[in-house]
Amino acid sequence: MEIHEILFWFLTVMALGCGLGVILSRNPISSVLFLIATFFAISGHYILMNAQFLAIVNIIVYAGAIMVLFLFVIMLMNLNADTEPQKNRLIQFAGVLSGGILFLVILAALRTTTSNAADFTSTDIGLMKNLGKVLFTQYVLPFEISSVLFLSAMIGAIVIGKKE
Amino acid sequence: MMLLQLDVAFIIEKLILITVILMGSLGIAMYATWGERKVAAVMQDRRGPSRAGPFGLLQPLADGLKLFMKEEIIPDSSTRGLFILGPCLAMLTALLTSAVIPWGPDYVTEAGRIISLQVADINIGILFIFGVLSIGVYGIMLGGWASNNKFSLLSSIRAAAQAISYELAMGLSLIAVIMMTGTLSLREIVDQQHGFWSDGYFTWNFFKQPVGFMVFLICTFAELNRAPFDLAEAESELNMGFHQEYSSMKLGFYLFAEYINLFVSSVILSTLFFGGYNFPFMDQVQGAVPQFVFVAVCVLVLLTKAICFILFFMFVRWTLPRFRYDQLMKLGWKSLIPIALINMVVTGLVILWTMKK
C-alpha cells in the first residue's frame, strides 16, 4: 500500500468511527468532541485531495468556532439523565424514517453521477488563488447570494438577541 | 514497502530542526517565567527571585522540580478523561504553531543541498496559525468544565467567549496585510520585508500597516489571556480560574503553555510586522561574513525582536489594571472590529489606486 492509501483508510475509519461516536455516546460533551474529531478527519481528506485551503477553513470555522459555541451552550445547560426530555416512540420512528429517506435520496443522487475523481497530480488545484478565481468568475452569483443570506442571518440573530 | 521511498536525510534534518525548536521554545518559556518575576520585581521596586543561583537564574529549574514533586490530585467529581485531556491540548496547541514560522534564511551546503530553517513551508501558513489558535481554546474549556467547579466553568466560558470575539478582529486586521503581500505563506511574507528600506519606503509591514498592527497587538493580548485582558484567571473574582482544581505538573502544563504561547506570539508578531529575521544592511553583512554566521545572525535578530515583544507584554501586564468584562467585549466588538474593517477598506482603495497609476 502506498502512503496515500494508508492515510485514506486511516482517515476514513476515523471519520466513520467518530461519526458513530457522535450519535452513540450518552454524554453530550463527548458527542461534541467526537464531532470535532470527525471534522479533523474530513479536513485530512481535503488535504489528501490537495485542497489545503478548504481543509484549514473547515477546521477554523467548524472545529474552532461553531463547535466551541456548541460546547459553550451544552456546558451551560448541564444536561443530566433526569432533565433529558422523554423520547416518544412515535418521534423516534419518525426520526428513523426521515433519516432513511434522506439517505435514500443521497444514494439515488450519487448513483447516477459520473465518477469525477480529483486530480491528485496537480498540487495547486486547491490553492486560495484558484478558488478565488473560480468563486469570483464562474460562481459569482451563488457566492454573492449566499453572502446576502449570511448577512440577513446575522441581522436576524441581532434582532432576536435585542428583544428583551 | 513504498513507505521507505521517503528521503531519509530530509526526515533526519526535519527531526533535528523540530527538536531544536521545541527545546528552544521550552527553554525560552522557562526563562520567560523568570523574566516575568524579575520585571515585576523591578517595576514594584523589589529584588525578585535571587536565592537560586546568580540573579536567581536557577529559579525556573527549582519551580519545575517543585511542580514535578507535588502530589497529583484528580478530584473525584471531575470527568477524569477530559480533566487529563485539557492540559495536554493546551500544551499541544501551544507548541504546534512554531511549525510554520521561518526561523532564518535557507542554508545552502557546499554539496548544493538547501536546508530550510522552517519545519513546514505550507502555502496557508497564516491560516494554519489561526486554525491552531481556534483549537487552543479547547484546552481551557475542557479543563475548566471537567474540573466540576463553578469558578473553573465560569472562567472557561469567559476564556472561550473572549477568544472567539478577538479572533474576528485579529483575522480582519490580518486581511489587510494579506491583501498587500498577496500571499498566505509566512516565508514569502518575510521575504517581501527584505532589508529595511527599499524604493523610498520602509519594507517592514509595520510601517505599511500601523493600524493593522495595533489591532493585531491588542487582540494578541486577549488571545494570550494576559493582563489587561486576563479575565479568565481574575484572582479577585474567580480564585484562580480554569486551573483551580489542577495540581502538580498538570497545573505546570497550563502555566507553561501560557508562556510558550507568549513566546510564539511574539515571534509571529515580529514575523508578520517587523520583518522576521530581516534587519537593516543585511545585504552588506551577507557579503562580508561566512554563510553560517549570517544565518546565525538572522536567527538571533528574530529572537531579539521576539524577546523585545515578550518584555513589552510583561511591562504592560504590570502597568495596566484589568478590564471589566463588559468593557472587554465592547472594545472587541465595537472598536476593534470596525477599525479593522475600515483599515481593510482603506488598504483595498490604496492598492486599487496604486495599481491604476
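In helix 3 of chain A, the residues A65(A), V68(A), L69(A), F72(A), M75(A) and L76(A) meet L153(B), I157(B), A160(B), A161(B) and I164(B) of helix 5 of chain B, contact being taken as heavy atoms within 4.5 Å. By class, this contact has eleven nonpolar, no polar and no charged residues, where Ala, Val, Leu, Ile, Met, Phe, Trp, Tyr, Cys and Pro count as nonpolar, Asp, Glu, Lys and Arg as charged, and the others, Gly among them, as polar. The model is predicted, with pLDDT of at least 70 needed for local features and 80 or more for side-chain atom pairs, whereas totals for chains, interfaces and linings use all residues. Residues are numbered from 1 along each chain as its sequence is written, chains are lettered from A in the order in which they are written, and side-chain values use heavy atoms, without hydrogens and water.

The axes of helix 3 (residues 52-77) of chain A and helix 5 (residues 150-181) of chain B come within 11 Å and cross at roughly 155 degrees, the axes being lines fitted to C-alpha atoms over the stretch in contact, with angles from 0 to 180 degrees between N-to-C directions. The two helices are therefore roughly antiparallel to each other (angles over 145 degrees).

Notes
Helix = DSSP H or I, 4+ residues; strand = E, 2+ residues; numbered from the N terminus. Parallel < 35°, antiparallel > 145°, perpendicular 65-115°, else oblique.
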